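Hi there,

Here is the structure I promised to hand over. Have a look at it first, and then read my notes below.

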Amino acid sequence: MPHSCGFCGKPLPSRGGVTKHIAILPECRRKWESMVKDTDDEGGAPAEFAYDNNSFSPLRHSCSKSFDLDEDNPVASKSRRVTVEDVADEEDGRWYFEPCPNASWTLQEGQTAFERYQQYKEGEGEDKWAPFCDEEELGLAEWLTQNHTKPSFHNNQSFLQKVNELLHGPVWSCKKVSVKGNRTDENRQLLHEDVELWMRDPVECIRDLIGNPLFKEHMVYAPSRTYKDEAGTQRLIDDMWTADWWWDKQKELPEGATIAPIILASDKTMLSQFRGDKSAWPVYLSISNIAKEKRRQTSARATVLIGYLPATKLDCFTSDAPGQDGVDMVCADSFIRRVYPILASYVADFPEQCLVACCKENRCPKCLVAANEQGNPLNSLMRDPELTKEMLERRRSGQHPVEFDECGLRAVYKPFWANLPHTDIFMAFTPDLLHQLHKGVFKDHLVKWCLDIVGEDEIDACFKTIPDYPGLRHFKKGISNIKQWTGTEHKEMQRVFMALITGAVPSRVVIVTWAILDFCYYARLHTHTSESLDGLENALAVFHANKDVLKELAVREHFNSLKLHQLSHYVQSIKLFGAADGFNTELPEHLHIDFAKEAYRTSNKCDYEEQMALWLQRQEAIFWRTSYLEWVAERAVQTEHGCEYNSDSDAENKDFDVVPVVSQDIVHVLSKTPPHPRQSVQHLETMHGAINFLPAFKSFLQKHLPHNRIVPGYQDRFDIFRQVAIILPPDPRVSQSPKHLRVRAMPEVLPSPSGQKPASKVLLTLDGMSMPSNSQIIAAVRVAQVRVIFMLPCQFGAYSQPLAYIEWFTPFREADQTTGLCQVSRSTRHLCRNGAMIHVDEIIRPCHLIPKMGQWVNPTWTSANMYELASEFYLNTFIDLETFCMSTMIT
């Protein structure tokens, strides 16, 4: 990608790299500050950067106001500025931030765990590889621990002792818990069972996370409100630090307090697959101070395991409440802050939410909606933690309050959250995209409804004939025979389902489908605006306005479904805690692989919890040592180049901070050497279907090379490329990473054992030469089918730009009122397909067209020939989130 510093010209891999480069390199930073000052004096903003008059990057900032400063508590001299990858709005390239006042003061300088460990090693006179001899021996230790090898040599015990000496996280401890049942023995005494609770101190885990230097560039200590405009009227919600909960909670705490919003996740899982009933109930912890992009990386270990719960009890916290008075902690930037760990979010599937909320599984764990009103669009009262604790206590004392049954409570007398300060456990339940949307509303409800209306055979026929697209799963046998579904398969079905059932079901059912898919796609966005939140609410309103058609068709008798009801809480949760992608249950389920299933396989299957805890501690020790060595090497490089920047240059934030970014363009990449050189025109016409190749080529030469005197003909040879890779700049609504796409132009081939991917030939091209904004992109682009990608032969003159032969579709017609999908058809000229030559860099991205299938699928259609046989098409705007955002014009 073409990223570079605007001052020294150094190429960098990403936008975040540009930001961090300018922040760290003193010379570029001085030029930046000088530019800001000069531009401020002139009263204008430079075209290349967005800026603030006071500071460089606001994304990760904390105030420097200290408490009682004296000789024992000197003014902090290290940098207070921490940055992560910046994000930019496509319209003007800037986001505006309003920092929360009096939040996250630094107390004094401290030492992170890595700094303390480095000081200890130097004091002991040991090198950085100790207790191992050198880097190779440490690498061997890492390999042995990760591959579960049991060495046959005699010093295996000595090897494990060295691993145990390494720096690791909080120690594991075992707590015996006696659980009383409801059965009695012969003496009429209640039977009880002793179970083991393996756990680690959550406060110490939080201390390790917030103080880990590896997360320094991904750490937030204070909330901010984010806007798209300088006036602060267009709100943006992304991570939790941009939402309302943190901002509101900050006002309840003393000035200078630093909140560590805790994210808990629990999910019971089976350990044995084919025999036995061995299970584990892991509990994971993370903090929202760490950017969600980092938390989602399982390899980063930003989410840690804090315990294995016994199946009969949910009590993983000690009686201490550090969120009440706060705890002094050394943070990742080496400053000590008074940190208040507060439970903010609890990530769990529906049964565990009900267990934690102490309610029955036929009731909502968040609100008091009645069991027979869950299908109505009501704004029910939220559950109140204090009233719930009062009713549980009254029931425990032998009373039978009417409210206990009205609220659908069950007798869990000592919930773990009862004494946690500043915690509303019912608000803490965040949207579960996997179980509520993908598996619940979409697969278990919408797909089932459509199968009942259309029939399995017809739905299967539709799926079999869906045209191919790079990365799209082709259900070549349909969907009715699939027994085991995953979240990935649910999302793959969503990508084509809208256009697939259009015409096969009544129009009001199509509107219901449109509303549910719109809701699914809006909910998956990484960054929300007021428009996207309105889109969520509107989609839900459209569903409720049209859902009765399913009763009329005898598909549903009622809509009292908790999965449908829980959709009504999504907008509130996003406003409070940020985008739902940061709290998906897919992450804990993925963590089960390392922290539960893999750990269990290394045990002897007897008393496995203790063995699992020891194995995980050794794995963590090796990971910490590797991370420590990377930190030492990076620090040495920074020290060598003098990259520590002066804290005196950091100014306090006054109104808004603005992120500087360097503009990005779409990048097109071809192979260095054409894989099919010197192909004849006849080959292109017969194998690639480029029937009008020569006429289009002649028109191109007349337009772009008017002085050429050579007449192209069948004697000419062309160097052909199989595909062009397109790299799109990151769209912060969808991802912080560039989007890599491919447009293939290969002859169709029969499926072979080699698994060769079929050609993908439909794309969006610019209808003009200027790149449109998101709000204009549908009107400014046009669909075409690419047949050939080639280089101009040298006999026609020097021409370095690669070309593509395409066949046009018509401009977009007005969107269908029932489906919301734009329609196109083949463009013809003189009763032939309208072919043309374009430059490859005019291609914006691939797109997906789905033919209008009607009530029955043409039996001659297949996924390979559908583009050739069909005449009317829908533009599939649900093929990915980027296309969805483009079609809905969320800017």
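**Strand β15 and its neighbours**

A260 has P341 as its bridge partner in β15. Before I go further, a word on the model: it is predicted, so local features need pLDDT of at least 70 and side-chain atom pairs count only at pLDDT 80 or more, while totals for chains, interfaces and linings use all residues. Numbering starts from 1 along each chain as its sequence is written, and side-chain values use heavy atoms, with hydrogens and water left out.

Strands here are DSSP runs of E with at least two residues, and helices are runs of H or I with at least four, numbered from the N terminus. Two strands pair if DSSP finds at least two bridges between them.

Which strands pair with β15? Strand β9 (residues 258-266) runs parallel to β15, with eight bridges. Strand β14 (residues 327-330) is antiparallel to β15 and is joined to it by four bridges; here M329 stands opposite R337. Strand β4 (residues 108-109) is also antiparallel to β15, through two bridges, and Q108 has I336 as its bridge partner. As a reminder, strands of a sheet pair through backbone hydrogen bonds, either parallel or antiparallel.

β14 and β15 make a hairpin with four residues between them, and S334 in the turn has a positive phi of about 75°. Is β15 mostly covered or mostly open? Strand β15 (residues 335-347) is mostly covered, with twelve of its 13 residues buried. Buried means under 20% relative accessible area, exposed means over 50%, and partly exposed is in between (1.4 Å probe, protein chains only).

D333 and E217 are 8.9 Å apart in space, C-alpha to C-alpha, and 116 residues apart in sequence. E217 sits in the loop between α6 (202-210) and β7 (224-227), and E217 counts as partly exposed because its relative accessibility is 26%.

**Helix α14**

How does the span of α14 compare with that of a straight helix? Between its end C-alpha atoms α14 spans only 27 Å, whereas a straight helix of 22 residues would span 32 Å at 1.5 Å a residue (the expected span is 1.5 Å times one less than the number of residues). α14 also has a kink of about 40°, centred on G440; the bend at a residue is the angle between axes fitted to the seven residues ending there and the seven starting there. Of the 22 residues of α14, 16 are buried, so this helix is largely enclosed by the rest of the structure. G455 follows α14 and has a positive phi, near 105°.

**Aromatic pairs**

How many aromatic pairs does the whole structure hold? The search finds 29. Rings of Phe, Tyr and Trp (its six-membered ring) pair if their centres lie within 6.5 Å; planes under 30 degrees apart count as stacked, over 60 as edge-to-face, and the rest as tilted.

One of the pairs is F442 with F497, which is edge-to-face at 5.5 Å centre to centre and 80° between the planes. This pair links distant parts of the chain, with F442 in helix α14 (residues 433-454) and F497 in helix α16 (residues 487-501), 55 residues apart. F442 counts as buried because its relative accessibility is 0%, and F497 counts as buried at 0% too.

F697 and F796 are also an edge-to-face pair, at 5.2 Å centre to centre and 90° between the planes. They too link distant parts of the chain: F697 is in helix α25 (residues 693-704) and F796 in the loop between β24 (781-791) and β25 (803-808), 99 residues apart. F697 is buried at 0% relative accessibility, and F796 is buried with a relative accessible area of 3%. Both belong to a cluster in which ring pairs link F693, F697, F718, F790, F796 and Y805.

**Arginines over rings**

Which ring face does R301 lie over? R301 lies over the face of F623, at 4.9 Å from the ring centre. R395 lies over the face of F404, at 4.4 Å from the ring centre. A charge sits over a ring if NZ of Lys or CZ of Arg is within 6 Å of the ring centre and within 35 degrees of the ring normal.

Best wishes
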